[in-house]
Amino acid sequence: MGTTATETLQHVIGGDGFGAGDRERRNPANAGDVVSRFPAGGTADVHRAVGVAADAFAAWASTPAPERGAILIKAAAILESRLAEVARDLTREEGKTLGESTGEVRRAVDILRYYGGEGWRLSGEMVPASTRNQILYTRREPVGVVAVITPWNFPIAIPTWKIAPALVSGNTVVFKPASITPLTAHHLVRALLDAGLPKGVLNLVYGSGSEVGDALVGNDAVAAVSFTGSTSVGKGIHDIASRRMARVQLEMGGKNPFIVAEDASVDEAAALAAVGGWGLTGQACTATSRVIAVGRVLEPLIEALKREAASRAPGDGLAPDAKMGPVVSESQLATDLSYLDIGRKEAELVSGGRVLDGLFLEPALFVAVKPQHRIAREEIFGPIIGIIAVTDLDEAIAVANDSEYGLSASISTNNMAAAHYFIERIEAGVVKVNQPTTGLELNMPFGGSKNSSTGTFREQGRTAVDFYTRSKSVYLRYGEHRSST
Ligand code: NDP
């Protein structure tokens, strides 16, 4: 299937490459394909990168914002010109289908353009003063060196939606990507440097979360930490960052419900639940993992979902007809298989759940799931959907809300009054009607509630810059004007 060249990657610190490729990443669809070799960084690399980023801060912060934005817009064009290559590498590295990867790289291009444009719009607020000859206004200022720590499942979209608003606001960045997806991270950083980003403004350090991640979060020169990943790691980061009063933004796990109301069009609802639950191999923070069926929709919905599952055989994401890629890693497969075992004891597996070969896991469907079951409560992060039967919409919403998480939630219904009732009562940061729980627009604020998020700052949209800026309140008094005539 075309090229399987191995990339040799290095940390990028102050624009220069460092480190030797002592770790490797293999293609989850083809273990013989070594996608990249990359260094395992340590505390010394982190300190060097943070130092370089701190040195670069003053000049970058005083660069006019439209000039900063212009570099992002140029990076968008460069990434776009490499879209096919980057999407292909993303599939080789993470496993998702080429269609999914292409969409994700396209999203990164659009995000760079969007925040490039923000360079013209960053603004404070002017308010009326209570006395004469006084001007009151707020200024947005960058916070300093920002640490960006990201997961493997959207290895270019998530880093881009953090790094682009950080840079356009005038911050410098140290980026630690997930160890599973070093090559996609390299492509993003390369596009920005090739677009003319000054050396030291964006630095990339590879290495394990426990070593590089901890060293970054604990570094006193890092003013803010933006993290997306699991809730357990996020809580540890929060502890370390808040001890030294650093600003921290966490977006974490989910256990996202999809309610199928009694009046819903069942085939359409099944298709939406399948996209949300099995698309991206179920490896999305917003993936549908609980389908909540109201009343008589239960039986036809089970049949429709079985048909959907049967049409989604896993395969190599590079194959033109691929419907679902492999699980990302041995350890994620082990997690999925352990939850399949738990689920078989708690409920009834009616479709899928077999490992066909290597990391190819069939989409799985459980029925007779109860809200108290572990497969209904714990984040799995695999292609596994459980159906919970309820009698009415109130019970459906209560079951949906009975979770430590609150990231995304959706309802399938033709009744707009029921939809509004759901919108008002559901505890989730993202609420959808007649759409999969997955899928976001880049100009909408994004984030979860409960244990899915710190809930303090939203990502994406114009609001993303709030995290990367602090507001200064200016009181400016001036003398009385005396006319010379
Ligand atoms: P992890 O929490 O394991 O890792 C996320 C990132 O944190 C990686 O770069 C990881 O490095 C790093 N890390 C690990 N340990 C530490 C540490 N002690 N200190 C600092 N950094 C650390 O998540 P996954 O990569 O496995 O991603 C899956 C998780 O991400 C799921 O829970 C999912 O719900 C969540 N997610 C949330 C999203 C949201 O927006 N709410 C979106 C996408 C995913 P390394 O790779 O080297 O271990």
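Modeller: Let's start with Leu 280, which sits in the loop between helix 9 (266-278) and strand 14 (288-294). Helices (H or I, at least four residues) and strands (E, at least two) are DSSP runs here, numbered from the N terminus. Before going on: this is a predicted model, where local features need pLDDT of at least 70 and side-chain atom pairs count only at pLDDT 80 or more, while totals for chains, interfaces and linings use all residues. Residues are numbered from 1 along each chain as its sequence is written, and side-chain values use heavy atoms, with hydrogens and water left out.

Back to Leu 280. Its phi is near 55 degrees, a positive value in a residue other than glycine. Most residues other than glycine have a negative phi. With a relative accessibility of 17%, Leu 280 counts as buried; buried means under 20% relative accessible area, exposed over 50%, and partly exposed in between, using a 1.4 Å probe and protein chains only.

Met 245 is not a glycine either, yet has a positive phi of about 60 degrees. You'll find Met 245 in the loop between helix 8 (231-243) and strand 12 (247-251). At 76% relative accessibility, Met 245 counts as exposed, whereas Leu 280 is buried.

Now the ligand. It is surrounded by 29 residues, and the closest are Ser 179, Ser 230, Met 252, Cys 285 and Glu 379. To be near it, a residue needs one heavy atom within 4 Å. Glu 379 puts a polar side-chain atom 2.6 Å from an oxygen atom of the ligand. Met 252 uses a polar backbone atom, 2.7 Å from a ligand nitrogen. Thr 150 has a backbone N or O atom 2.8 Å from an oxygen atom of the ligand.

Next, the rings. Over the whole structure, a search finds 6 aromatic pairs. Rings of Phe, Tyr and Trp (its six-membered ring) pair if their centres lie within 6.5 Å; planes under 30 degrees apart count as stacked, over 60 as edge-to-face and the rest as tilted. One of the pairs is Trp 152 with Phe 381, edge-to-face at 5.4 Å centre to centre and 80 degrees between the planes. Trp 152 belongs to the loop between strand 8 (145-149) and helix 5 (157-168), and Phe 381 to the loop between helix 12 (374-377) and strand 19 (384-390), so this pair ties together parts that are 229 residues apart in sequence. Both Trp 152 and Phe 381 are buried. Phe 467 and Tyr 468 also pair edge-to-face, with 5.0 Å between centres and 85 degrees between planes. Phe 467 and Tyr 468 are buried too, and together with Phe 457 they form one aromatic cluster.

Two arginines lie over ring faces. Arg 425 is 3.6 Å from the ring centre of Tyr 421, and Arg 48 is 3.9 Å from that of Phe 18. The test is that NZ of Lys or CZ of Arg lies within 6 Å of the ring centre and within 35 degrees of the ring normal.

Just after helix 6, Gly 196 takes a positive phi of about 110 degrees.

Last stop: Ser 410, in strand 21 (residues 408-412). Its relative accessibility is 0%, which counts as buried. Setting aside neighbours within four places in sequence, Ser 410 has contacts including Pro 257, Phe 258, Phe 422 and Thr 437, where contact means heavy atoms within 4.5 Å.

Key. A polar contact is a pair of N or O atoms within 3.5 Å; within protein, one must be able to donate a hydrogen and the other to accept it, and residues adjacent in sequence count only if both atoms are side-chain atoms.
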